[in-house]
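Please look over the structure shown here before reading the notes below, which are grouped by topic.

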Amino acid sequence: MTIWTPILSGSGPRYRQLADAIAAAVVSGELAAGDKLPPQRRLADALGVTVGTVTRAYAVAEQRGVVSARVGSGTYVRGAEAGIGAFDHLFTRPRDSGSIDLSHATPPPTAQRSLHLARAMQAIQQDPEQLSAMIDYQPEPGQAWQIATLAAWLGKMGRTLDPAELLLDQGGMHGIHLCLSALLLPGERVAAERLTYPGLISALQQLSLKGVAVPHDAHGIDVDAVARAHDQQPFAALYLMPDCHNPTTVRLSEPRRRALAALAEARGFWLIEDDIYPQLGATETPLYQLAPAHTLTLFSVSKLLGGGLRVGAIRAPQALHGRLIAALRAQCWMPPPLMNGVVAHWIASGDADTLLAWQREELAWRFDRAQEKLAAFHPRGQRGGFYLWLPLPADLRSSHVEAQLREHQIAVSSAESFCLGSVSAPQAIRICISAAENRDALDRALDIIAETLGDPGPMLWQTL
């Protein structure tokens, strides 16, 4: 057998040259999706570098989303569609009509978004005083009227908020970085569910923080396991999405919310509550109401108005505002007033309510259709949610199903993308029903998924 041996070139550390070579080989097709990378010691010997260099290169390649490590098995290529960056595949819609990308949770497409955006921008343009203010420096938390407008809109969705507790930021990912930067030092621990939002995993890597994986089930995160993990190795913060866990769609039950809030207060760790889907409603009590002095809650308009609008907010106890503002100032000085102004005008005009009403109806239809077409496979989800979680039949592997669907130009996400640390991935896929261009495209994709799950074909294997 010939071991894959790249030629290391360019400047910089050897581990980074190797990580770049892996990415280039994936893009060129030299390494195909599903290929297993050589054992680290063998590749180190072939290249004349240390095992540590190869280990570090594989870690960088995994951070970029090019490969994935499987405990006890090895490191495998995810494929060119994963992109060179960790999230490149999330940001690019397929250009050809034959492809249907259900791998990223974007709001359902509609011409309303562009129309409403144009009207909001026109409203700013016709107000010389506001227009002038938009290009000047602003207070770090954001303009008071913009904060109040967003708080009132969230209030319609069941989030009772004091505008004085809110700071504007540049969306959910920025909010995560701000919270982690303000609360922790490099090397400290952050707990989260075993399967969690890939953006958190990336943020932990970027900030040199250690992830602590905690079990979860059909009722949400296991609070007893949280307590045991904290007793064994105390962590400073716990991140979770209690209203619609990504990727399993589970809502954290009310008893567990109350137990978790009490535990955070007793042990003194922070709760980072990611509330990116407020349109699903507040059927349970938000964590910031149960443990206000220990909870930071993140909001964003990305799933409501549009992902390109990098506007969000953090609800935090007043005692933390100074630290959050310092972190914000260090990263971007202030939230962008023009973009915040566009969102505030969009909300104030009533267009945001009109759009949200349409979106709720559209997502409910898509959920019902997916439940109908995939009924034999028992997908999990919330009516009005962006995605479904589909545990696979016992004889199927998610990597095989993902590859089979890719041959039919359907993209979904396997569980490996959401694994925190070295935890093993369940055999399941996430299907973002919101992302299809229209209802016909979703129907085609669901039919192909059902056919593939019903007759997935033989799994190919290679000797090494």
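How much space lies in the second largest cavity? About 50 Å³ of space lies in the second largest cavity. This is a predicted model, in which local features need pLDDT of at least 70 and side-chain atom pairs count only at pLDDT 80 or more, while totals for chains, interfaces and linings use all residues. Residues are numbered from 1 along each chain as its sequence is written, and side-chain values use heavy atoms, with hydrogens and water left out.

**Cavities**

- A search of the whole structure finds two cavities of 30 Å³ or more, where a cavity is a set of points on a 1 Å grid over the protein atoms alone at which a 1.4 Å probe fits but cannot get out, and lining residues have an atom within 4 Å of a point.
- A volume is the space filled by probe spheres set on the points, with grid points joined across faces, edges and corners, and the largest cavity has a volume of about 60 Å³.
- The lining of the largest cavity includes Glu193, His216, Asp217, Gly220 and Ile221, and the elements that give two or more residues to this lining are strand 7 (216–217) and strand 8 (220–221).
- By class, the lining of the largest cavity has six nonpolar, four polar and two charged residues; here Ala, Val, Leu, Ile, Met, Phe, Trp, Tyr, Cys and Pro count as nonpolar, Asp, Glu, Lys and Arg as charged, and the others, Gly among them, as polar.
- The second largest cavity is lined by Gln146, Thr149, Leu150, Leu168, Val311, Asn340, Val343, Ala344 and Ile347, and helix 7 (144–156) and helix 14 (337–348) are the elements that give two or more residues to its lining.
- Helix 14 provides the largest share of that lining, four residues, and the lining of the second largest cavity as a whole divides into six nonpolar, three polar and no charged residues.

**Helix 7 and helix 14**

- Helices (H or I, at least four residues) and strands (E, at least two) are DSSP runs, numbered from the N terminus.
- The axes of helix 7 and helix 14 come within 9 Å and cross at roughly 45 degrees, which makes helix 7 oblique to helix 14.
- Axes are lines fitted to C-alpha atoms, for helices over the stretch in contact, and angles run from 0 to 180 degrees between N-to-C directions; angles under 35 degrees count as roughly parallel, over 145 as roughly antiparallel, 65 to 115 as roughly perpendicular and the rest as oblique.
- In helix 7, Trp145, Gln146, Thr149, Leu150 and Trp153 meet residues of helix 14 that include Pro337, Asn340 and Ala344, where contact means heavy atoms within 4.5 Å.

**Helix 16 and helix 17**

- Helix 16 (residues 398–407) packs against helix 17 (residues 439–454) at an angle of about 135 degrees, and their axes are 10 Å apart, which makes helix 16 oblique to helix 17.
- Val401, Gln404 and Leu405 of helix 16 make the contact with Ile448, Ile449, Thr452 and Leu453 of helix 17.
- This contact of helix 16 with helix 17 has five nonpolar, two polar and no charged residues.

**Backbone details**

- Most residues other than glycine have a negative phi, and most peptide bonds are trans.
- The peptide bond from Asn246 to Pro247 is cis, with omega near 20 degrees, and Pro247 is in the loop between strand 9 (237–240) and helix 11 (254–267).
- Ser208, although not a glycine, has a positive phi of about 55 degrees, and Ser208 is found in the loop between helix 9 (198–206) and strand 6 (210–214).

Key. 1 Å grid on protein atoms, 1.4 Å probe; cavity = no way out; pocket = protein on both sides within 12 Å on 5 of 7 lines; lining within 4 Å.
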